[in-house]
Amino acid sequence: MDTIVVAPLGKIAELAVRHRCREMLSLVAPKQGFHRPAVIAAERHMILGVNDIAFAGTGNLVAPGEEHVTAIVGFARGWDRQAPLLVHCMMGVSRSPAAALLAALAVEPDQDEHDLAQRLRRASVQATPNARLIEIGDHVLSRGGRLIAAVRAIGRGADYVGDSPFSFSAVPESVER
């Protein structure tokens, strides 16, 4: 079960139950309140207070930083992969798709970044991974610019048309168990 489910905040309870998720990564604005679905154990839920911005120095907003990426990677490496991993942000378009890519590379580091980015694009036409998370993740995961290039190659996603959760495999099709 190498599936990563990416969702907007408003769909987390429904998707956690439907996909039988037991672990969840939340990337939400600092101090944003929400309820963790009961099927997600508190000890397997990580909340990162980070805004969806691509650069630092924007007043009271919290830009993604290396500490956030390191936390995403560490959490993903602790994922037991017995059930899908649920990753969400407010709309499921920018922070959570970026975190999902980082999680996939954390658990399957030998995969090709372009193949991974293409799997993401096939799963979601509107995903536009947060550029700052991707850039920092490229560095933290020692991807040598390949992750940045792969995400740039898929381009900006389609205009937002509403809640469109999606899922994709953390492993390439040729490796799936």
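How many bridges join strand S2 to strand S3, and in which sense do they run? S2 and S3 (residues 45–49) are joined by 5 bridges and run parallel. Strands here are DSSP runs of E of at least two residues, and helices are runs of H or I of at least four, numbered from the N terminus. Two strands pair if DSSP finds at least two bridges between them.

This is a predicted model, in which local features need pLDDT of at least 70, side-chain atom pairs count only at pLDDT 80 or more, and totals for chains, interfaces and linings use all residues. Residues are numbered from 1 along each chain as its sequence is written, and side-chain values use heavy atoms, without hydrogens and water.

| Strand paired with S2 | Sense and bridges | Residue pair |
|---|---|---|
| S4 (residues 85–89) | parallel, 4 bridges | Ser-26 and His-88 |

Because 6 of the 6 residues of S2 (residues 23–28) are buried, this strand is largely enclosed by the rest of the structure. Buried means under 20% relative accessible area (1.4 Å probe, protein chains only). In a regular strand, side chains alternate between the two faces of the sheet. On one side of S2 lie Glu-23, Leu-25 and Leu-27, and on the other Met-24, Ser-26 and Val-28.

A nonpolar core is a set of buried Ala, Val, Leu, Ile, Met, Phe, Trp, Tyr and Cys residues joined through side-chain atoms within 4.5 Å. The largest has 42 residues, of which Ile-4, Leu-25, Leu-27, Ile-72 and Phe-168 touch the most other members. Helix H3 (residues 95–107) contributes the most to this core, 10 residues. A second, separate core of 10 residues includes Met-24 and Val-5.

How values were computed. Buried < 20%, exposed > 50% of the residue type's maximum accessible area, 1.4 Å probe, protein only.
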